[in-house]
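My entries follow the model.

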Amino acid sequence: MTNPTPNSKHLPDLVPSLEDCIRHRHSIRFYKPDPVPQDLLYECLSLAQLAPSNSNIQNWRLTLASGPARDRIVSALQQASQAHGPNVPPLPEQFKHFRSEFGHLLYGEQGYNIPRSAKEEHKAATLRNYEFFGAPVAGVIAMDSSLTVVDAMSVGMFVQTFMLALTERGLGSCLQVSVTGYPEVLREGFGLPEDQAILCGIAVGWPAEHNRVNEIVVPREEVGRVVTMLND
Ligand SMILES: Cc1cc2nc3c(=O)[nH]c(=O)nc-3n(C[C@H](O)[C@H](O)[C@H](O)COP(=O)(O)O)c2cc1C
């Protein structure tokens, strides 16, 4: 087994703390076109590779595309999204209010600032998902389809570690369930075998600065709403 030995060549002079990275990470939906050096990605992936997994099976599979490979996938996704709607399972009823609150933030004055009546503008903003928000690196996250939800936990840990390592180096990211609505396009574009279950897409790149959409702060529930502590 190879032992990942991440170096810290790409860290800023003043290294942010873990808490800074956790607090600073948020979804980035506007990117600079500048490419992301492969060794910088590798450094973050080597750290992500240290995530825990059930029996150490390391069942995350990530395929990243940049350059012409990324552009081909974007074209295919754009074509598919013009032809038909995405096939993404709807959120269960009890979670829908979160989506609507988040939608107000993203499309409202604090974000895209698109009036509710401007249906075409709204659609165009949503369709930005299929160009990975302009990110120079587009990815798909998958795992073996014979595994179950417990193993999806490990993939999540890998992905969060990856995103925190990116944040530490000034890079941005956005996870994207939206692109999984066109699984055939992802399979073909990223060369994913049939035995891999597609979990999510991811955009990676340098965040565009002074961009309102990139600065929206999405609130969280109080800890007491999601964690139960039994003491006696
Ligand atoms: C599994 C997953 C799928 C997501 N899919 C999308 C997506 O398709 N499009 C999008 O704009 N954001 C997507 N997001 C980002 C969430 O909207 C975002 O994480 C959430 O609103 C919290 O905001 P923050 O990441 O800025 O803290 C996704 C996040 C996760 C974890």
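Entry 1, helix packing. I found that the axes of helix H2 (residues 38–48) and helix H6 (residues 149–168) come within 8 Å and cross at roughly 140°. This is a predicted model, in which local features need pLDDT of at least 70 and side-chain atom pairs count only at pLDDT 80 or more, while totals for chains, interfaces and linings use all residues. Residues are numbered from 1 along each chain as its sequence is written, and side-chain values use heavy atoms, with hydrogens and water left out. Axes are lines fitted to C-alpha atoms, for helices over the stretch in contact, with angles from 0 to 180 degrees between N-to-C directions. Helices (H or I, at least four residues) and strands (E, at least two) are DSSP runs, numbered from the N terminus.

I noted that H2 and H6 are therefore oblique to each other (under 35 degrees is roughly parallel, over 145 roughly antiparallel, 65 to 115 roughly perpendicular, the rest oblique). The contact (heavy atoms within 4.5 Å) involves Leu41, Cys44, Leu45, Leu47 and Ala48 of H2, and Phe158, Thr161, Phe162, Ala165 and Leu166 of H6.

Of its 31 residues, Tyr31, Leu77, Tyr112, Phe132, Leu186 and Phe190 touch the most other members. H3 gives the largest share, four residues. A second, separate core of 21 residues includes Met143, Phe158, Val159 and Met163.

Note on methods
A nonpolar core is a set of buried Ala, Val, Leu, Ile, Met, Phe, Trp, Tyr and Cys residues joined through side-chain atoms within 4.5 Å. Buried means under 20% relative accessible area, exposed over 50%, partly exposed in between (1.4 Å probe, protein chains only).
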